[in-house]
Amino acid sequence: MSGVLAVVAAFYVTSVLPTQWLDVQQVHLGLGIGKRMLQITDIHVEMLRISPSTVANTVRRNHVDYVMWTGDFLTTDRKLKRVERYLTAVAETGVPMYAVLGNHDYRLRRIDGLVSLLNQYGVTLLRNQAVEMDGFWLVGVDDFTTRHSRVKEAFAGVPVNAKVVVITHDPNVVLNIPPLHFDYLMAGHLHGKQFNVPGLYWLKPMGELPKLGVYKGLHQLPQGLIYISKGLGQVGINLRFLVRSELTVHHL
């Protein structure tokens, strides 16, 4: 009996607890932008154990200037109400919100339902668009996996010497960015593997970056400085093996 309990306890600690024990990463960069951004990515509300109140409290405690949602809200239209709970909680903090869409969002039967919900809660959705912010430009590149990214279109009108922050879902798009300047890019999509198993991205191809060992955290690439969050929710199975759910505070 004690052996069975030990196995159950080990399973819980290594595979269930990481989906509940939130990892709030603090990324200090000193880029001269002087802003603090909270990145929320891959919430996958169908398989999510981090509560809306926990997310909202993280926004408040870190006194961020902006919230950046970097895609994969959900996969099925019938779960839009669950997305709304998170949008409601974060909107109540009063922090301006921006977003891009992810590959799972494009699997919805009617993506306009999600787009409408984001608009309802004051989220500025960037679909290959750039907006001028306070001291920098924010560029939103649409999802690369589903072939919605239009990088040149997204950067159109951005001044050459401007400070530029990019939000996107799939970080693999960075390998397809032409010689356009950006100071920082934040993405998600790869879940930090979700299961900390060696060789996973060779067994399940997710693009060229993870094959190179670039699938989570901060990386200086030839194209620029990027950060890949492990994300909040799960896909496939509602477990994470030795990979905690993440919210990220970017100090720029």
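What is the volume of the largest pocket? I got about 350 Å³. For my own record, a pocket here is an open set of points on a 1 Å grid over the protein atoms alone, where a 1.4 Å probe fits, with protein on both sides within 12 Å along at least five of seven lines. Grid points are joined across faces, edges and corners, and the volume is the space filled by probe spheres set on the points.

**Ground rules**

I am working on a predicted model, in which local features need pLDDT of at least 70 and side-chain atom pairs count only at pLDDT 80 or more, while totals for chains, interfaces and linings use all residues. Residues are numbered from 1 along each chain as its sequence is written, and side-chain values use heavy atoms, with hydrogens and water left out.

**Pocket lining**

I then listed what lines the largest pocket, where a lining residue has an atom within 4 Å of a point. There are 18 such residues, and the closest to the pocket centre are His191, Gln194, Lys204, Met206 and Val235. By class I find six nonpolar, eight polar and four charged residues. In this scheme Ala, Val, Leu, Ile, Met, Phe, Trp, Tyr, Cys and Pro are nonpolar, Asp, Glu, Lys and Arg are charged, and the others, Gly among them, are polar.

**The loop between S9 and H6**

His191 sent me to its loop, between strand S9 (184–187) and helix H6. Helices (H or I, at least four residues) and strands (E, at least two) are DSSP runs numbered from the N terminus. His191 has a positive phi of about 60° without being a glycine. Most residues other than glycine have a negative phi. His191 is also buried, at 4% relative accessibility; buried means under 20% relative accessible area, exposed over 50%, and partly exposed in between (1.4 Å probe, protein chains only).

Lys193 lies in the loop between S9 and H6. Its phi is positive too, about 90°, and Lys193 is buried, with a relative accessible area of 12%.

Is Pro198 buried or exposed? Pro198, in the loop between S9 and H6 (200–203), is exposed, with a relative accessible area of 71%. I also checked its C-alpha against that of Ala130, 68 residues apart along the chain, and got 38 Å.

**Sheet with S12**

Next I traced an open sheet of six strands with mixed pairing, in the order S1-S12-S2-S3-S4-S5. Two strands pair if DSSP finds at least two bridges between them. The edge strands are S1 and S5 (123–125), each pairing on one side only. The twist averages 25° from one strand to the next; axes are lines fitted to C-alpha atoms, for helices over the stretch in contact, and angles run from 0 to 180 degrees between N-to-C directions.

S12 (residues 246–251) got a closer look. Six of its six residues are buried, so S12 is largely enclosed by the rest of the structure. Glu246, Thr248 and His250 are on one side, with Leu247, Val249 and His251 on the other. S1 (residues 23–28) runs parallel to S12 with six bridges, and Val24 has Leu247 as its bridge partner. S2 (residues 36–40) runs antiparallel to S12 with four bridges, and there Arg36 stands opposite His251.

**Helices H3 and H4**

I followed H3 (residues 80–91) across S2, S3 (66–70), S4 (97–100) and S5; H3 runs at about 165° to S3. In H4 (residues 111–120), the buried residues are Ile111, Gly113, Leu114, Val115, Leu117 and Leu118. Their cover includes H3 and S5, with contact meaning heavy atoms within 4.5 Å. After H4 comes Gly122, with a positive phi near 75°.

**The other sheet**

Last, an open sheet of six strands in the order S6-S7-S8-S9-S11-S10, with mixed pairing. S6 (129–132) and S10 (217–221) are at the edges with a single partner strand each, so one side of each has no neighbour in the sheet. Neighbouring strands are turned by 20° against each other on average, direction ignored. Inside this sheet I checked S7 (residues 137–140) and S8 (residues 164–167), which run parallel and are joined by four bridges. Gly140 has Ile167 in S8 as its bridge partner.
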